[in-house]
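Here is a friendly walk through one model, taking in its strands, its helices and its aromatic rings. Please keep the structure open beside you as you read.

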Amino acid sequence: IVIETYRVYHDLRQGNNRAMEITAYHESGHALMAVHVGTEVHLVTIDPDWDDGPKRFGDTQIIWDTTGLSEREYCEKRIFVALAGPVAEMLYTGDAFHPGMGSEWAADWAEAWQAAQSLHPDQTKRLVFLEQTSADLYRLLNGDDFWSALAALADNLLAHETLESEEVVDIVEQWLPQ
């Protein structure tokens, strides 16, 4: 079992509701994709503790049970979860940025880049693969059911600031029955 945390480092100034909404969509993207690929979300929050690392404004903690997964399957799932945060944010804001270009997405891109290394050792092929995966995720998350699940997660996150595993699954299953 591996526990990974996906974090976002947006510049949130007190009272900036738009930045909170963007962060909620970003973190909800990670959480939604984690449920979709069959792993467990421990929690997702837009109110993380700052006592265990750098100042940040959102965390999604994923529990990976790699039992029965090939290395390829595990790497692909990690890539999907890592890139889903930036892609969800792009969809919400309407900005078509490259997920490797935003400084607030650097950790997500680094996670996807590292996970793709064993799949595509050649850096050029790896870049093409990650860009194609981002485009595929964009189309997937922009579909009616996925967008509804994403919006419902973000709305609940904005209302409650932290969602635990069962809450995330309950929300997602309303829109994407397993």
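## A covered strand and its neighbours

Six of the seven residues of strand 3 are buried, which leaves this strand mostly covered. Buried here means under 20% relative accessible area, exposed means over 50%, and partly exposed lies in between (1.4 Å probe, protein chains only). Helices (H or I, at least four residues) and strands (E, at least two) are DSSP runs, numbered from the N terminus. This is a predicted model: local features need pLDDT of at least 70, side-chain atom pairs count only at pLDDT 80 or more, and totals for chains, interfaces and linings use all residues. Residues are numbered from 1 along each chain as its sequence is written, and side-chain values use heavy atoms, with hydrogens and water left out.

Strand 3 pairs with strand 2 (residues 40-45) in the antiparallel sense over five bridges; pairing requires at least two DSSP bridges between the strands. Among these contacts, V41 has I62 of strand 3 as its bridge partner.

## Rings

The structure holds four aromatic pairs. The ring centres of W64 and Y74 are 5.6 Å apart with planes at 80°, so this pair is edge-to-face. W64 belongs to strand 3 (residues 58-64) and Y74 to helix 2 (residues 71-93), so the pair ties together parts that are 10 residues apart in sequence. Both W64 and Y74 are buried. Rings of Phe, Tyr and Trp (its six-membered ring) pair if their centres lie within 6.5 Å; planes under 30 degrees apart count as stacked, over 60 as edge-to-face and the rest as tilted.

Elsewhere, ring pairs link Y25, Y92 and W147 into a cluster.

| Helix | Residues | Expected span | C-alpha end to end |
|---|---|---|---|
| Helix 1 | 20 residues | 28 Å | 28 Å |

After helix 1 comes G38, with a positive phi near 90°.

Which residues of helix 4 are buried? They are R126, F129, L130, T133, S134, L137 and L141. These cover an arc of only 140° around the axis, which puts them on the same side of helix 4; the arc is that of the directions from the helix axis to the C-beta atoms. The face turned away from the buried side of helix 4 carries the exposed residues T124, K125 and R139.

Definitions and conventions. Expected span 1.5 Å × (residues − 1).
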